[in-house]
2 protein chains.
Amino acid sequence: MKFRNQVEWALHCCSLMSSLPEGRYLSTRSLSEFHGVPKEYLGKALQGLSKAGLVLTTLGPSGGYRLAREVGQITFLDIVEAVEGRKSTFQCSEIRANNPCRPANACDDRPCAVARIMWRADEAWRRSLAEVTLADLQDMLAEDLAPDMLKRSFDWLLERAG
Amino acid sequence: MKFRNQVEWALHCCSLMSSLPEGRYLSTRSLSEFHGVPKEYLGKALQGLSKAGLVLTTLGPSGGYRLAREVGQITFLDIVEAVEGRKSTFQCSEIRANNPCRPANACDDRPCAVARIMWRADEAWRRSLAEVTLADLQDMLAEDLAPDMLKRSFDWLLERAG
DNA sequence: CAATCATGGACATTCCATATCCTAGATTGG
DNA sequence: CCAATCTAGGATATGGAATGTCCATGATTG
C-alpha cells in the first residue's frame, strides 16, 4: 500500500517546471540532477506525464519538458494518476462467489458491498487530491522557503532551460 | 499502490463473524473454507486482527475467533490497519534536501509541502473508512442478498461454530 | 489421551518496484 | 550537412515484498 518513488519525483519535477518561463524546456538530465535521482529511471516517469498530456516535449539539444497547461489547471490527482495509473487501492477478487451456500446460477446486480465501501474511500482520496493544483503548491512553497533560496533555484533553472 | 489480498479476506471474515451468536467461535479452517482462500495464509491475517484486539480467540477443538466488540464499534479502518499497518500511501524521501541551491545549514521547520498535500488526502481516505462499521456492512448485505441465501449462510455458520 | 486449535517461525515462490543499458529516430547548433 | 543532444521505448538485471506452504509448540477440549 505504497506509491512508487516516481510519484514523488514527478510531483517535484512538476513543481520545478511550474517556475519555467513560457516556451522554455527542462531536460531529464537537469531534472534528475536537481533532485538527485537516477536520470534513466526518472525518464520513465516523465514519459508517463507526457503520455497523459500533462507536459510537452521537444527533441534535440535544448530539448526537454515543460508543462502543457497553466499551473492552476494541473492537479495533484492528474500527476499521480499519470505515473501510478488509475487502479483502485482495493481490488475485489469476488470472494463472495466462493460462498458454499451460494446457488450456482446466482447473479450479482451490484458490486460487492465490501468493495463499494473501499471504493468510496478511494473517491474521497481522489477528491482531496483533485482539489490541489500546482498553483497551490507554489503558494505553499513561497511561504515555506527563504526568498533567496527560491531565487537561487530559479536562476539555476534559467541556466539549464533550453 | 494496492492492498494485500489479506485485507479483503479479513473484511469478509469480519463480515461473517458479525452474524456469529454471542459466545461462539469460528475456526480458521471454517473461515477459509467459506471464502475459498488458503487456510495457513488467512491465519496470518486473523492473527493481525487478534493482535489489534479486534477479535478474541480460544484454543482447542471448537476454538477459533469471534469479534471482540459490537459490530457498531468496529470500523473498516480498524480492520484495514490491523492487517495492512498504518503506513501512509506517500513516503517522503526528503528530495528537497538534494536541491543544489540549498545551503548546507538549511533547516526545515515544516514537512515538505508535497508530502503535506499527499498526507491530507490520506486523512480524507482514513476518515471515510472510519465512518463505516460492520453494522453498516450488515445493513448493505441485507439489501443486496436474497433472504434465503442469508439464511443458508447463517445455518452453515451455526453448524461450524464451536 | 488423542484430536483440534492458535501462534509463530522458517522457507519457497512469484511478482513488482527499481533501476541500468542500449537502440532508434528527431531536432538543433555549428 | 554533420555531430551532439534529446525523447521514446525495449531488453534485462536485482532486491524486496506479497503470497503461500510447512512444521513445531503449547493450550484446550471431548
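Between chain B and chain A of this predicted model, 15 residue pairs are in polar contact, both residues of each pair being at pLDDT 80 or more. Helix 1, helix 2 (28-35), helix 4 (76-84), helix 5 (113-130), helix 6 (134-144) and helix 7 (147-160) of chain B each contribute at least two residues to the side of chain B that touches chain A. Helix 5 of chain B gives the largest share of that side, 12 residues. Sorted by class, the side of chain B that touches chain A holds 31 nonpolar, 11 polar and 12 charged residues.

The contact between the two chains involves 54 residues of chain B and 54 residues of chain A. The size of an interface is often expressed as the accessible area lost when the parts come together. Chain B and chain A bury about 5,200 Å² between them, and 67% of this area is on carbon and sulfur atoms. The interface also contains 4 salt bridges. One of them joins R116(B) to D144(A), with the closest N and O atoms 2.9 Å apart.

**The two DNA strands**

DNA strand D has 24 residues around it, and those that come nearest are T28(A), K44(A), L59(A), Y65(A) and Y41(B). Both chains supply elements here: helix 2, helix 3, strand 1 (55-58) and strand 2 of chain A, with helix 1 (5-17) and helix 3 (39-51) of chain B, each provide at least two residues of the surface near DNA strand D. The residues of this surface comprise 8 nonpolar, 11 polar and 5 charged. Of the atoms of DNA strand D within 4 Å of the protein, 62% are in sugar or phosphate, and the rest are in bases.

Sugar and phosphate make up 62% of the atoms of DNA strand C that come within 4 Å of the protein. The surface near DNA strand C consists of 8 nonpolar, 12 polar and 5 charged residues.

| Protein part | DNA part | Distance |
|---|---|---|
| K44(A), side-chain N or O atom | DNA strand D, base oxygen | 2.7 Å |
| S50(A), polar side-chain atom | DNA strand D, phosphate oxygen | 3.1 Å |
| N5(B), polar backbone atom | DNA strand D, phosphate oxygen | 3.3 Å |
| R29(B), polar side-chain atom | DNA strand C, phosphate oxygen | 3.5 Å |
| S50(B), polar side-chain atom | DNA strand C, phosphate oxygen | 3.0 Å |
| P61(B), backbone N or O atom | DNA strand C, base oxygen | 3.4 Å |

**Helix 2 of chain A**

Helix 2 (residues 28-35) of chain A is mostly covered, with 6 of its 8 residues buried. The buried residues are T28(A), S30(A), L31(A), S32(A), F34(A) and H35(A). They pack against helix 1 (5-17), helix 3 (39-51), strand 2 (64-67) and helix 7 (147-160) of chain A. Just after the helix, G36(A) adopts a positive phi of about 65 degrees.

**L20 of chain B**

L20(B) sits in the loop between helix 1 and helix 2 of chain B. Its relative accessible area is 11%, which means that L20(B) is buried, the limit for this class being under 20%. Leaving aside residues up to four places away in sequence, L20(B) touches Y25(B), L26(B), Y65(B), R66(B), L157(B) and A161(B). L20(B) and S50(B) are separated by 30 residues in sequence and by 17 Å in space, C-alpha to C-alpha.

Terms used
Residues numbered from 1 in each chain as written. Chains lettered and ligands numbered in written order. Predicted model: local features only at pLDDT ≥ 70, side-chain atom pairs only at ≥ 80, totals over all residues. Heavy atoms only, no water. Buried < 20%, exposed > 50% of the residue type's maximum accessible area, 1.4 Å probe, protein only. Helix = DSSP H or I, 4+ residues; strand = E, 2+ residues; numbered from the N terminus. Contact = heavy atoms within 4.5 Å. Near = heavy atom within 4 Å. Polar contact = N/O pair within 3.5 Å; in protein donor to acceptor, adjacent residues only side chain to side chain. Nonpolar A, V, L, I, M, F, W, Y, C, P; charged D, E, K, R; others polar. Buried area = accessible area lost by both parts, 1.4 Å probe. Salt bridge = Lys/Arg side-chain N within 4 Å of Asp/Glu carboxyl O.
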